Amino acid sequence: MWLTGCLSPDFKTIADFRKDNGPAIRKVCREFIVVCGRAGLLTATTVAIDGSKFKAVNSRDRNFTKAKVAKRLEQIEASIERYLSELETADRQPSTPEIKITRLKDKVGRLKQEIERMKAIEAELAQAEDTQISLTDPDARSMQGTGKATGIVGYNVQCAVETKHHLIVAHEVTNAVNDRHQLSSMAQQAKQALGAEAIEALADRGYYGGKQILVCGQSGVTAYVPRSSTSNAKAGGRYDKQDFVYKADGDVYLCPAGERLTYRFTNEEEGKVLRNYWATATACSGCPLKEQCTTGRERRIKRWEHEAVLEAAQDRLDKNPDMMTVRRSTVEHPFGTLKFWMGHTHFLMKRLRNVRTEMSLHVLSYNMKRVMKILGVPGLLQVMQA
């Protein structure tokens, strides 16, 4: 401060620098991970992956879906009917002040303008590729939180954190509303950052997906992800697919009653090749467990052609249940720290490319402070000058 005569850049200088140098800032963030590797801090081959929702500069009132527009139009029409009813009452009473009648007419006029605006948004939604639009930040999306009534309009930030020093080795800002298709890409980025031939990736059940786990296995990533159950049978108190045992030597399933479900035919659904199995109708009709098993004539099971990969993944997790504890203690703390630094508010920039730059600054700051804690400031300077 003495050397510069107490000069300091104003907010616009900093904002313009951040806006004009986005690619360079993101590159510096990636390069710092390389510096950490040179310092010998990236020896772990296990990463924890998670996503968190960060608010955008876009309120919920300026984000629209078809359902929101329809509900808003219904509310406006109800309000117009109420005001028109009040106007009729006022007309029948000569003593009604003119100012009240004028005010009611103004409200009806404004509501009619709002109807036109909603219809324009509805037309825009019909032409949009996505199912929603945001007016302040067009790239922001409405996302559901972990609890009731916790939805926000924002971005889904993905992070991969190595388990030894808790450094963020890879991150990505997306506007995907869930984590279902993020596992393989984040694991590959982490694998590349660590410079390892094979790594382990820990994630919660929100990342569970057959194709994602398959791609991870094919690219040197051992995934630990709890299976997510979407079975209506389990919800109805009946046996789930997991209650049936597959016998690979005979290519059959054994039901809880001991009956064999044999292979019948193969079909394709949503890009997956599925093998179909079921027992005979006679065996099911006379089974004492039928009410706990199926509401149809016979119980049918579908098996993905790569189901063995999912079974191996579940078996790995069953043998290492502590992996989920490691995941929580590794990746959730950095998100809490970053949000605390941001004041639990929102991103300051708009559009996905700019938000990615802003997140890179936060991640760079987080990693630098972690390395300072581990090596000290002299140690960090020595590594950066090497």
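Begin by selecting Trp278, whose bridge partner in strand S13 is Arg300. This is a predicted model, in which local features need pLDDT of at least 70, side-chain atom pairs count only at pLDDT 80 or more, and totals for chains, interfaces and linings use all residues. Residues are numbered from 1 along each chain as its sequence is written, and side-chain values use heavy atoms, with hydrogens and water left out.

Next, select residues 272–278, strand S12, which 5 bridges join to S13 in an antiparallel arrangement. Strands (E, at least two residues) and helices (H or I, at least four) are DSSP runs numbered from the N terminus; two strands pair if DSSP finds at least two bridges between them.

Now widen the selection to the open sheet of 5 strands, ordered S9-S10-S11-S12-S13 with antiparallel pairing. At its edges lie S9 (245–247) and S13 (300–304), each pairing on one side only. From one strand to the next, the twist averages 35°.

Then select residues 307–319, helix H9, which packs on the sheet, touches S9 and S13, and makes about 90° with the direction of S13. Axes are lines fitted to C-alpha atoms, for helices over the stretch in contact, and angles run from 0 to 180 degrees between N-to-C directions. Contact means heavy atoms within 4.5 Å.

Within helix H9, select Arg316. Arg316 is partly exposed, because its relative accessible area is 25%, between buried (under 20%) and exposed (over 50%), with a 1.4 Å probe and protein chains only. Leaving aside residues up to four places away in sequence, Arg316 touches Thr222, Ala223 and Tyr224.
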